[in-house]
Amino acid sequence: LKHAGGFMTPRFREACDAALALREHKSRAVRRAVTDLLPRLAQYQPDAFARAHLKGATAHLLRMARHRAPELRDAAFEAFGRLALAARHHLIPALPDLVIAVAEQARFNKEDRPAARDP
């Protein structure tokens, strides 16, 4: 996308649709690739992405943020950060769900760590 120039502009919607169509793929690697690609697509055309695809993208990233596989969870939170930089104010409606996902993950991480022992 970085070097696509005007080539991607007429194909942008098609590329977004294709990426979102793969978000439920059985392969973890494909789902991870979709997770990584969505913020890049948003960065390419932020307003167009927000109008047509932001809802589906945030739903996918929230699902991945709650995944049991740490690499998918971590990738989702990183992607949310990149998506926020690209979509800016368009992401505001998704913030409550994102905050809940972050809080759930923080609680999970806290419960998963061994208890601190007094010396």
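Analyst: pLDDT is the predictor's confidence in each residue, from 0 to 100. A contact means heavy atoms within 4.5 Å.

User: What kind of model is this, and how are residues numbered?

Analyst: It is a predicted model, where local features need pLDDT of at least 70, side-chain atom pairs count only at pLDDT 80 or more, and totals for chains, interfaces and linings use all residues. Residues are numbered from 1 along each chain as its sequence is written, and side-chain values use heavy atoms, with hydrogens and water left out.

User: What does the protein chain average in pLDDT?

Analyst: The average is 88. At least 70 is reached by 87% of the residues.

User: What share of the chain is buried?

Analyst: Of its 119 residues, 34% count as buried. Buried means under 20% relative accessible area, exposed over 50%, and partly exposed in between, with a 1.4 Å probe and protein chains only.

User: Which residues have the most contacts inside the largest nonpolar core?

Analyst: L38, L41, F49, L54 and L83, in a core of 29 residues. Two or more residues each come from α1 (12-21), α2 (28-44), α3 (46-52), α4 (54-65), α5 (70-87) and α6 (95-112). The largest share is from α5, with seven residues. A nonpolar core is a set of buried Ala, Val, Leu, Ile, Met, Phe, Trp, Tyr and Cys residues joined through side-chain atoms within 4.5 Å.

User: What does L54 touch?

Analyst: F49, L83, A87, H90 and L91, leaving out residues up to four places away in sequence.

User: Switching to α1. Which of its residues are buried?

Analyst: F12, C16, A19 and L20. They sit on the same side of α1 because they cover an arc of only 95 degrees around the axis. The arc is that of the directions from the helix axis to the C-beta atoms.

User: And which exposed residues are on the face turned away from that side?

Analyst: E14 and A21.

User: What covers the buried residues of α1?

Analyst: The cover includes α2, α3 and α4.

Technical notes: Helix = DSSP H or I, 4+ residues; strand = E, 2+ residues; numbered from the N terminus.
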